[in-house]
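Student: Could you take me slowly through one part of this structure, and then show me how a second part is described?

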Amino acid sequence: MGDKKVGIIAECVCDLPKNILHEFNIDIVCHLIETESGVFTDTEEITAENILQYMTEGGGKSRSTAPLPESYEAAFRKKLSVYDEVILVSISSGISLSCENARKAVAAMGDEGKRVHVFDSLHLSTGLGHMVIKAAQLAKAGFTADKIIAELEEMRERVSTTFITENADFLCRNGLVPDSVRRFCSAFSIHPVLEMRNGRIVLKGIEIGDYSSAALRYVRKTLNNPKKIDTKRVFITCAGCSVKTVNMIKREIEGCCAFEEMFVTKASATISSNCGPNTFGVLYVKSKGASL
Amino acid sequence: MWEFLRELKKDADESDSRTLGLITFAVAFIGFFMCAVNIITRSWVMAAITGGLSLWCIVVFLLFRKSGSLMAVSAGTLSAIGIMMMYFLVTGGVDGFSIVWLLLVPPIGIYCYKLYYGGAFSILLGILIAVYLWTPLHELGYDYSDTYFLRFPIVYFFDTVVSVYINYRLWLSNKQQRELLELSERANNTKGDFLANMSHEIRTPMNAIVGMCELILRESDISPAVREYCFNIQNSGRSLLSIINDILDFSKIESGKMELILDEFNIASTLNDVINMAVTRKEDKDIELIVRADPDIPIGLIGDEIRIRQVIINLVTNAVKFTNKGCVVIKVTQTKHDYGINLSVSVSDTGIGISAENIEKLFNSFQQVDTKKNRSVEGTGLGLAISKRLIKSMGGFLNVSSVYGLGSEFRFVIPLKVSDSRPFISIKDAEKIHAAGFIDLNKFENRRVAQEYKTLIGELAEGLRTDIELLDTAEDLKAAVASKKYTHLFAPKDEYLANEDFFKEQSRDKTVVVVQDRQGAIDIPSHMKCIFKPFYSLSVASVLNNESILTNLNERRDSSIRFVAPKARILIVDDNIINLKVAVGLMRPYHMQVLTADSGQAAISILRSKDFHLVFMDHMMPEMDGVEATKAIRAMEGDYYKKLPIIALTANAVNGARDMFISSGFNDFMPKPIEMSSLDRMLKAWLPKELIKAPSGEMRYPGGDRRKPRNQTPQPEKKEGLISEETGIFYTGGDREAYNEILGVYVRKSSEKLLQIKELFEKKDWKNYVIEVHALKSSSLTVGAKQLSELAKELELAGKGGDYRLIEEKNAPMLEMYSKVAAEGAERLGISIETTDTKTEETAANEAPVVETAELPEISAEKLSGIIKRIFTACDSFDGDEISAACRETAEYSFKGKALKPLFDPISADADDFEYDSAREKTEKIAAEFGLSEV
């Protein structure tokens, strides 16, 4: 336990609901979405539904960008006015410039920057969210920044961040898969299952057939070994899914594994713009000692 | 029969050419394949036939690609298939189970090539098969079994009949569907026409209401209360228009014809309009309207303010509609970017909320969610759908979050360019201000309201960069006042009344500001200040800057007139005199030379003799409408008439109207009621740039100049005669001045009308007689001549019913009464009736009665010449005010023994009616009569 108070900052791409952020006093730095008409702050000005509709209704080009160093600097300074040290739990550096920009901000802050720690989670969405909550809990419990970071490093390997997408259209649009793969997936009703591995998005597998059945199969496969799952908390993070789909997934998860807390969260616009509509993930933490 | 075949051919010709091309290509491919097989099996004849047919198909395919003729490709491919089938038949290729190949031809052929080509081909093939099998020809070919000769044609016949029947039913069903679709489109068009008419009917009177309010608001000598009421009338008028506008907007958006009009605007103006509307909508509901506006939002933004306001009003209206207790919070913020700002507006409430399932269908058109719960709530269900589409067209996003039962929040963000980056609210000497807001937060049942007020005060202090603190108990307030020197104390009405003595005492050395609702507002001592709810940054800033919020609004309105064009000559054409007055009034601040015409024909006559820079032309006018008039103007000789900008001024603002007007020769289109911002834009767009000037200081308050002298005219004593002033004022909208103006027109037109009615009576032209007495009935009632109106009505009914005896009996008494009414009117207004006879006005100056001049001083010839010169100049520049002013100067004088007033009054009247030519002629005659021709 340390005497110094540690504050936690995360990014909007952690997809945590407002009440959790409020409960743990977690500040958020928002990513940006650039469209043909302007630049919008993720979550505050633009939501997943907005960007998905923009992209599917022929709104034009769009891209997501990491927060600017100035935004990080402002957030760090604000937090440092209350806390002795600050930890930023950031989205994987393998898929975003967030860590780099945050480190630039730290460098620009001079001596004050020494009280800021940037932690590369190697995850995204509520996979990152799990780590943010952990960091906030530890900070609340009075752990030092170094100890919190050590805990997060240990936890990083145990977080399961997977998603299933209805098709490969958005993955192709964002250059993650070639057009031929997209066509192939579309022709044979193939639904890619993606995973965060070593900080990068990789194809974990595929589900074939009707999307509802494929989605349920994905849930069952993801939770096929409940003994190796830390059943404290699970997130169902969705991008453009209907209430009906979400209810169906919830029921399936309940049948697979008894989690203490189950949260349904909406993916941020940044995440959604990269995976497309009807995408969801079941994100949880593996129990300590479980084989990876 | 032929008609039926023509329809079938039309259907076939509408086939998908790509599919037919592919079939041709497929037949060619099969042909080549069979050719190859035959070559391998050394069946040279078959190889040659199949190869030839295949080549034939390729030729057809290429020709088809070049010519695109469906008939050619159909005939070519079908002939190849037919020859191939006949060859199979002759060589025994369709014996046994292989018969299926031949039997597939009718259903596939008819399906692909439709009944016309496919059906004809199948029948032809059937005939050929029958001819081959039932004639000795079959002996040349394959030896089929005996039963085959009968079985095969019968099976083929039934196959063809069934295929034809199925496809016929399919064709019939498609045809019916097409007809239904056409019917539905026609119905849709009819709906569009209905909307066009409805919009016209509603917009025309609304033009008068909203426009007249605009004119009243421009008057400088009205009380703040009247200004406030008028403001509310205007806003309510606009809200009435919003329903029809919703429907029109939606149809425009759906057809992709919604155009954004970008112009500079100030968010303060938008917020004021929104707040006024919200306060009106809120009525007696126990909800707090809280406005949290970031004072740093730039003062000059570039965007379509009307559409932005429309979206905010829509969101606020919904919030007020669905909230019965608690609060509605409007939050306006910004984020800065390289291109300008992102303007974010959030409207949240403590209403009934929306369930997650319903949020999904929230933006659907014509749909209100949770209709069981919202049965009492009115609405078209279009508002959100329109708002979302409007925001999308502005490059922004609209989203919603809600907790069922607790409330909802609608937010939108739009990127906007900035023309002036100064903050829209700023405080003078902010560091010298120490203010306290005393709000008893415990009185609010809903904790959200208290929280919002806390946040608001904090934001005000931060945003206005001044010291404002919130105190929520009287004890805290008193303690704070004792320990700190405050400059301003803000208190809501209830808190003020509960501590009235304390506040009165404090008002000796502090500014005490009572914040209250407009409804049930209390009078406060004159040395205290009052602001109406909502309590927000602009109203607080007004008080802190020691300004009136109404002054701010007026300044805003006047500042919207950002230019004048004194040399610009404008012609407004409209058959409705009220609309003309509104249009002229709205254009007055621009100091332009405005002339009016009440018909298309009159406009053409005026345009022949005078040059104008811009014409506003009404669409719907009797005899010659705006479109016909514009076409006639464009057809006139000379480049000027081809290039003269003509703007359609109409209440018909439905989808497609713009295109119609542009194609009819108009340059642009301005919907009624005329919005000052639209007028501003239109003038800036179409007036020559060199005529547009910045307004000088004295032009800031342009309203009402022409009316002031009339106010000074002593009113004759109220007399009970044939005219009831009270009735007249009632029928003319409760305004004495407007009544006098209309009575003036009535009196001036009376001689002409009398002559007309007399002539019609003498000619026994009953049809037109009825029209004239009908008009007399209405106009007499309008001026308060009830008896005359009733008499005219009696004669009108007699004319309609063919009771000409009654007309002959009562026409003379009616005309006599008409003369008396006119004389009484003239006497009341102090004008001379004889000189106003339009038929005789050319000689009026000469025949003007000689008035006793003993009491009137003689004007010098030099001075009179000067006045006449001024009138000439004013006539040339269409300056009615100057003409009236010059005429008034002669009123107290005589010249060469003649009183000048009766001579110059008609000139002034002409100026009032914008009849500058007539005014000039009359002046010339007076000058000639008095030997002042040298002027």
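Tutor: Two strands are said to pair if DSSP finds at least two bridges between them, while helices (H or I, at least four residues) and strands (E, at least two) are DSSP runs numbered from the N terminus. This is a predicted model, in which local features need pLDDT of at least 70 and side-chain atom pairs count only at pLDDT 80 or more, whereas totals for chains, interfaces and linings use all residues. Residues are numbered from 1 along each chain as its sequence is written, and chains are lettered from A and ligands numbered from 1 in the order in which they are written.

In chain A, look for an open sheet of 3 strands, whose order is 4-3-5 and whose pairing is antiparallel. Strand 4 (39-41) and strand 5 (62-65) of chain A are the edge strands, each pairing on one side only. From one strand to the next, the twist averages 25°, where angles run from 0 to 180 degrees between the N-to-C directions of axes, which are lines fitted to C-alpha atoms, for helices over the stretch in contact.

Strand 3 of chain A, residues 32-35, pairs with strand 5 of chain A over 4 bridges in the antiparallel sense.
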